[in-house]
Amino acid sequence: MRPFTEAIHKAFQESIRVKTEILHHPELMATIEEVVDLMVNTFQEGHRVYFCGNGGSAADAQHLAAELSGRFYIDRRPLPAEALHCNTSYLTAVANDYSYEEVYARLLRAMAQPGDVLWALSTSGNSRNVIRAIEVAQQIPVRVIGFTGRSGGAMKHMCDYLINVPSDDTPRIQEAHMLIGHTICQLTEQVLFGYDA
């Protein structure tokens, strides 16, 4: 059996490095705080939050939506949050009848209302179906939180709030997205339901 110790250490160290860089990045930390305020206000005003992404980012979108609509730390009322890719009949029909680029945009057009929020996750910032969703969100208007990698890609100038993790490595970006997403969900729950973790 091959020794993987060095590779394991390298992966862990790089993940820690990326998260440490975020921790010492004042603009990113300020944006995370602003997003918590946005989330709290959105739910207090009776609006909804939608999530979209592809591949691992779709898994992250579904996970984070569940933290809000289910629970995070405490038993409390569910919050209206939904990942847009979970209906496979819809997804495959629209991809087949229109194009895959339209799968999120069309559903947002059907469901979203002014004052809602879209979390758009794309490590590259260039996923065409996520960009189309942002374009529709801007028309409604729905405020957009973008989760990307370092450059922000095409999403960089399209989002109301951009959390661009300082890495070009997809797994490290996604790991940071989940840490940031969990933190936002935790703080949103704490403010809305009045407890200290």
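Phe51, Trp119 and Phe147 are linked into a cluster by ring pairs, where rings of Phe, Tyr and Trp (its six-membered ring) pair if their centres lie within 6.5 Å, and planes under 30 degrees apart count as stacked, over 60 as edge-to-face and the rest as tilted. The model is predicted, so local features need pLDDT of at least 70 and side-chain atom pairs count only at pLDDT 80 or more, while totals for chains, interfaces and linings use all residues. Residues are numbered from 1 along each chain as its sequence is written, and side-chain values use heavy atoms, with hydrogens and water left out.

| Pair | Centre to centre | Angle between planes | Class |
|---|---|---|---|
| Phe51 and Trp119 | 4.7 Å | 55° | tilted |
| Trp119 and Phe147 | 5.1 Å | 20° | stacked |

Phe51 lies in strand 1 (residues 49–52) and Trp119 in strand 3 (residues 117–121), so their pair ties together parts 68 residues apart in sequence; strands (E, at least two residues) and helices (H or I, at least four) are DSSP runs, numbered from the N terminus. Phe51 and Trp119 are both buried, that is, under 20% relative accessible area, with exposed meaning over 50% and partly exposed in between (1.4 Å probe, protein chains only).

In helix 4 (residues 88–97), Tyr90, Leu91 and Val94 are buried. The buried residues of helix 4 fall within an arc of 100° seen down its axis, so they line one face, the arc being that of the directions from the helix axis to the C-beta atoms.
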